[in-house]
Amino acid sequence: MGRGPSIEGRKNAEDAKRAKVFTKLIREITVATRSGVADPAGNPRLRAAVDKALSANMTKDTIERAIKRGSGADGGADMQDLRYEGYGPGGVALIIECFTDNPTRTVADVRHALTKHGGNLGTSGSVAFQFTRCGELAYATRGDAAAEEKVLEAALDAGADDVINEGGESTVLCAPESFEAVQQALIAAGLRAEHAGVGMRPNNRVAVSAETAETLLDLVEKLEGLDDVSEVYHNAELPANGT
């Protein structure tokens with residue numbers, strides 16, 4: 001008797017989660033379009049957003065409508081690309097990137113989440129100097145020396161800056177403007193990234209206790225659950241059992 005509602009409940013939850021992901025992707029495409037041209041071939045940021053949307057099984061019609069909004073139709077011109085900086089539990093530095101058509105609502109939601117978790121909103125530039133914007137492409141090499149060498153060789157040939165092997169992954173780092181070329185070169189070498197994109201990487205990580213890590217992860221989950229938030233970055237070095 002309980003099996004039907006349970007299945008239905010799971011489906012509803014999955015549908016709600018999917019809808020939230022699509023909302024964020026549509027906003028990302030809209031803002032990426034506004035930042036350049038409406039053609040993905042001439043707008044690397046838009047091309048990356050479209051690739052991410054296609055990976056999430058978004059239809060081409062939906063993507064095209066988002067691009068249309070970003071070009072100024074259907075109210076898309078109201079969307080803004082904002083970044084907030086602040087501190088989480090234990091003084092962990094946070095950068096919160098948002099797409100929004102209502103900055104007043106967004107900053108209130110972000111401030112509320114931070115305050116509830118022992119953090120606070122900082123001024124512009126208060127923590128940004130602790131991060132560097134760069135391209136990252138992560139490959140599941142699982143500690144296989146041959147696989148790590150293949151990624152390293154292809155990445156350096158493509159003009160990447162560094163490759164870091166840890167936790168069973170090889171992470172390729174490159175300048176933001178080189179990301180597209182490096183990604184395409186690695187694809188041509190037969191390598192498929194587990195995840196890839198341009199984001200903020202901490203210059204140094206700060207070790208935190210298990211208790212602080214738990215609160216921080218709860219805060220990040222809360223922030224990422226906000227419709228207007230697209231990415232959350234922090235500089236905490238989580239305990240081995242953290243994620």
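**Notebook: salt bridges and strands**

Entry 1. I started at Glu 28. Its relative accessibility is 18%, so I put Glu 28 down as buried, the cut-off for buried being under 20%. I keep in mind that this is a predicted model. Next I looked up the side chain that Glu 28 meets. It is Lys 52, and the two form a salt bridge with N to O at 3.3 Å. I then checked where the two residues sit. Lys 52 has a relative accessible area of 34%, which makes it partly exposed.

Entry 2. How many salt bridges does the structure hold? I noted 10.

Entry 3. I turned to Glu 97 and Arg 133. Their side chains meet in a salt bridge, N to O at 3.2 Å. This pair also links distant parts of the chain: Glu 97 is in strand S2 (residues 93-100), Arg 133 is in strand S4 (residues 131-140), and 36 residues separate them. Is Glu 97 buried or exposed? Glu 97 is buried, at 12% relative accessible area. Arg 133 comes out as partly exposed, at 38%.

Entry 4. Which residue forms a salt bridge with Arg 105? I found Asp 228, with the closest N and O atoms 3.0 Å apart. Arg 105 lies in helix H4 (residues 103-116), and Asp 228 lies in the loop between helix H7 (210-224) and strand S9 (229-234); the pair therefore ties together parts that are 123 residues apart in sequence. Arg 105 is partly exposed at 33% relative accessibility. Asp 228 is buried at 4%. I followed the shared partners from here. Arg 27, Asp 101, Arg 105 and Asp 228 are joined by their salt bridges into one network.

Entry 5. I went to the surface next and looked for charge. A patch of negative charge gathers Glu 211, Glu 214, Asp 218, Glu 221 and Glu 224. I picked out Glu 214. It sits in helix H7. Its relative accessible area is 60%, so I class Glu 214 as exposed, the cut-off for exposed being over 50%.

Entry 6. On to strand S6 (residues 169-174). Why do I call S6 largely enclosed by the rest of the structure? Because five of its six residues are buried. I then listed the partners of S6. S4 pairs with S6 in the antiparallel sense, over six bridges. Within that pairing, Glu 136 has Leu 173 as its bridge partner in S6. Ala 140 stands opposite Glu 169 in S6. Strand S5 (residues 162-166) also pairs with S6 in the antiparallel sense, here over five bridges. Glu 169 in S6 is the bridge partner of Glu 166.

Entry 7. I returned to S4 for another partner. S4 and strand S7 (residues 195-202) run antiparallel and are joined by eight bridges. Gly 135 stands opposite Val 198 in S7.

Entry 8. I looked up an open sheet. It has four strands, in the order S3-S1-S2-S9, with antiparallel pairing. Which strands stand at its edges? They are S3 (120-121) and S9; each has a single partner strand, so one side of each has no neighbour in the sheet. I checked the contact between S3 and S1. Strand S1 (residues 80-87) and S3 run antiparallel, joined by two bridges. Tyr 87 stands opposite Asn 120 in S3. A reminder to myself: in a regular strand, side chains alternate between the two faces of the sheet.

Entry 9. Last, I looked at Glu 149. I found Glu 149 in helix H5 (residues 145-157). Its relative accessible area is 44%, so Glu 149 is partly exposed.

Key
Residues are numbered from 1 along each chain as its sequence is written. This is a predicted model: local features need pLDDT of at least 70, side-chain atom pairs count only at pLDDT 80 or more; totals for chains, interfaces and linings use all residues. Side-chain values use heavy atoms; hydrogens and water are left out. A salt bridge is a side-chain nitrogen of Lys or Arg within 4 Å of a carboxyl oxygen of Asp or Glu. Buried means under 20% relative accessible area, exposed over 50%, partly exposed in between (1.4 Å probe, protein chains only). Patches are made of residues with over 30% relative accessible area and no salt bridge: like charges are joined within 9 Å, nonpolar side chains (Val, Leu, Ile, Met, Phe, Trp, Tyr) within 5 Å. Accessible areas come from the Shrake-Rupley method with a 1.4 Å probe; for residues, only the protein chains shown count as cover. Lys and Arg count as positive and Asp and Glu as negative; His and the chain ends are not counted. The place of a charge is taken as NZ of Lys, CZ of Arg, CG of Asp or CD of Glu. Two strands pair if DSSP finds at least two bridges between them.
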